[in-house]
Amino acid sequence: MEERTGAQLIAEALRAQNVEYMFGIVGVPVIEVAMAAQTAGIKYVGMRNEQAVEACRLYSKFSARPSSLAAIPSVIEKAVRSSMYGRPGACYVDIPGDMVNAKIEEVKVRTVSCCPPPPVGLAQYNAIAGAISVLKQAERPLIIIGKGAAYSRAEAEILQLVESCELPFLPTPMGKGVVPDDHPNCVAAARSRALLQADVVVLLGARLNWILHFGFPPRFSPQVKIIQVDLCAEELGNNMRPAAALLGDIRAVVSQLLEELQKKPWKYPANTEWWKTLKDKMASNAKMSKAMALQPALPMNYYTAFHHISQLLPKDCIIVSEGANTMDIGRTMLLNSLPRHRLDAGTFGTMGVGLGFAIAAALLEKTQGSGQRVVCVEGDSAFGFSGMEVETMCRYKLPVVIIVINNNGIYSGVDTDTWREMEKMGDLTNIAPPVTLLPDARYDEVMRAFGGKGYLVQTPEELRSALQESLADWDRPSLLNVLIDPASDRKQQEFPWLTRSNL
């Protein structure tokens, strides 16, 4: 009678769910699982940065421990299904160590087929009619495109909604590219003004969390009306009660809105005071950013560095970004033309995810042969969380281009001379500001140590040359260590982030 080990059951159950890649850090008994995965046809990618997986249990959509070897395929199918159905999210399956090498007769294991694609939900008709009624009464409408719209692949439908109704839109960080950032109706350059003065906001797969300031004043008008479209029923009404709540798949619901709007076509006028306000603010902010970008002083500031980077990045590249100022400024200056081509620290602002995201994106690109570059733009602090993953990139020959914006600290740092003066003053643990890092750290040499290409960049000319050379190299990863002014900062913001604990 043929037998199967727990490791084989895990691997075969994952393969049955069409899992193509496994990422992990091996050790006993994970080695056996990784080897079984490779035997089953799953590509195994050995990583370097182990996260606190057990701590994720409380925050997972589904968590379970199989009661027996025979239950493993069913539990894994449910975990995969739960991760995709409704709002996508992580799931946790805890396999006891003694199960991995235990054996069971194959005939006692129930075969579980691959779970079907997620069902597509439609909004109720009266909710659609109510939403359109609210939208048509708007004096200052705004569409906010969230990552839920990107997940549902609603780009064609949302573009049609934006253009047929001539509505201004604002993407959230990972909603960028659903409609191209350079579209004339994109008002990202006037984000604060758009949020503050809009009287009707259409939320397409975006949550009113800290990224959108919970929908609260002073960032939003106290009288704003929200039309909320979301896949998750529990999300509807969080922080603000919507004037219209549309539960369903974003793509399907936008199609419903378009169908209803075609019965009585409506277009927001182009000559309104609202459009003038937004365009004036966009022009003012663009002028301010351009002035900062063209400053000739060395070391460079953030805006100068991003100005030159933005001119050279391919339009179809996948941008991975994390950091504080690096991520915030990069979001406004590094444009996305395609959906699902931007990954960043996400809802929880988690640092250290960037290099892992880049590795996954590069593996997918390598398999598909899309010819799209993966560019990872990191703050120096963010890079430090998982910097050893450059070895992973070199080991698998993944041509990721990493750009470290190095300001010697978290938000801000100090220059080498100031650091040396502080060293003379005594114990740095008592003296050095908590936000400072070692000045002019040679992150480029870390990449060189593993066989990748490293560049120390101090001028715009060096930046352009290094980036062009890196983008032309498909054989190995590259790292550009871009030294900028430690005192460089964002342009003055109208409002601070709201970071209170909330839904």
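The chain splits into domain 1 (3-108), domain 2 (125-278) and domain 3 (294-502), with bounds that come from an automatic or database domain assignment. This is a predicted model, in which local features need pLDDT of at least 70 and side-chain atom pairs count only at pLDDT 80 or more, while totals for chains, interfaces and linings use all residues. Residues are numbered from 1 along each chain as its sequence is written, and side-chain values use heavy atoms, with hydrogens and water left out.

Start with domains 1 and 2. Taken over C-alpha atoms, their centres sit 39 Å apart. Four residues of domain 1 are in contact with six residues of domain 2, contact being heavy atoms within 4.5 Å. Interface size is often quoted as the accessible area lost when the parts come together. Here, domain 1 and domain 2 bury about 420 Å² between them, with 52% of it on carbon and sulfur atoms (buried area is the accessible area, 1.4 Å probe, that two parts lose on being put together, summed over both). On the domain 1 side, G86, R87 and P88 lose the most area to domain 2, and together they make up 91% of what that side buries.

The rule picks up one salt bridge across the interface of domain 1 and domain 2, a salt bridge being a side-chain nitrogen of Lys or Arg within 4 Å of a carboxyl oxygen of Asp or Glu. The side chains of R87 and E235 meet in a salt bridge, at 2.7 Å from N to O.

Across the whole structure, the search turns up 23 salt bridges. One of them joins the side chains of R340 and E155, at 2.8 Å from N to O. R340 lies in the loop between α12 (325-333) and β13 (342-343) and E155 in helix α7 (residues 155-165), so the pair ties together parts that are 185 residues apart in sequence. Helices (H or I, at least four residues) and strands (E, at least two) are DSSP runs, numbered from the N terminus.

Finally, the database record. An unreviewed UniProt entry annotates residues 129-257 as "domain: Thiamine pyrophosphate enzyme central"; UniProt positions are given in the numbering used here, feature names are shortened, and annotations may be inferred rather than shown by experiment. In the model, that span is 30% helix and 18% strand, and its end C-alpha atoms lie 8 Å apart.
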